[in-house]
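Work through the following exercises with the sequence and the model at hand.

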Amino acid sequence: MTLLSKIRLSAKFGGSVYLVSAIFTLVAVGVVIILSPADLTFGIVIKLISIPLIFLLNNSLSRQQDMYFYLNLGISRNEYYIIPYAVDLAAFIILMIISCAIGNAI
């Protein structure tokens, strides 16, 4: 199973994680663009606080029985937990670089 297919599989089951993470990422990027690129640390702090919060809410509110269906499709439990946060972190880094460039240009 390739990495891209594992990302798609985790997006099917963990779509709520991707959605909530995207909201926090857009808030952090908006803060950097609107206020100033010097507030990059504030955006990073928002993201660092949101990751454990999302993980805690996902584990407490999700139904664990549904995970076994996806585990049988070839994704391990560790990959299931790590992939959404790794994809979100990569998107966050790319968006922060772009927002700093836009903020400096404005």
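**Exercise 1.** Determine which residues P84 is in contact with, leaving aside its neighbours within four places in sequence.

*Solution.* Step 1: apply the criterion for a contact, namely heavy atoms within 4.5 Å. Step 2: with neighbours within four places set aside, P84 is in contact with S10, V17, Y18 and E79. Step 3: locate the residue; P84 belongs to helix 5, residues 77-105. Helices here are DSSP runs of H or I with at least four residues, strands are runs of E with at least two, and both are numbered from the N terminus. Step 4: classify its exposure. Buried means under 20% relative accessible area, exposed over 50%, and partly exposed in between, with a 1.4 Å probe and protein chains only. P84 counts as buried because its relative accessibility is 4%. Step 5: consider a distance across the chain; P84 and G14 are 70 residues apart along the chain, and their C-alpha atoms are separated by 7.4 Å.

The model is predicted, so local features need pLDDT of at least 70 and side-chain atom pairs count only at pLDDT 80 or more, whereas totals for chains, interfaces and linings use all residues. Residues are numbered from 1 along each chain as its sequence is written, and side-chain values use heavy atoms, with hydrogens and water left out.

**Exercise 2.** State how many helices and strands the protein has, and in what order its elements run.

*Solution.* Step 1: the count gives five helices and zero strands. Step 2: read from the N terminus on, the order is α-α-α-α-α. Step 3: for burial, 31% of the 106 residues count as buried. Step 4: among contacts with a separation of 6 or more, 73% are accounted for by residues 24 or more positions apart.

**Exercise 3.** Compare the span of helix 3 with the expected span, and list its buried residues.

*Solution.* Step 1: helix 3 covers residues 40-61 and has 22 residues. Step 4: the buried residues of helix 3 are G43, I46, K47, S50, I54 and N58. Step 5: examine one of these; K47 counts as buried because its relative accessibility is 2%. Leaving aside neighbours within four places in sequence, K47 is in contact with S21, F24, T25, D88 and F92.

**Exercise 4.** Identify the residues that make up the largest nonpolar core.

*Solution.* Step 1: a nonpolar core is a set of buried Ala, Val, Leu, Ile, Met, Phe, Trp, Tyr and Cys residues joined through side-chain atoms within 4.5 Å. Step 2: the largest such core has eight residues, A28, V29, V31, V32, I46, F92, M96 and C100. Step 3: helix 2 (15-34) and helix 5 each supply at least two residues of this core. The largest share, four residues, comes from helix 2. Step 4: take V31, which touches S36, F42 and I46 when residues up to four places away in sequence are not counted.

**Exercise 5.** Classify V20 and I97 as buried, partly exposed or exposed.

*Solution.* Step 1: V20, found in helix 2, counts as partly exposed because its relative accessibility is 33%. V20 and N58 are 38 residues apart in sequence and 10.0 Å apart in space, C-alpha to C-alpha. Step 2: I97, found in helix 5, is exposed because its relative accessible area is 56%.

How values were computed
The expected span of a helix is 1.5 Å times one less than its number of residues.
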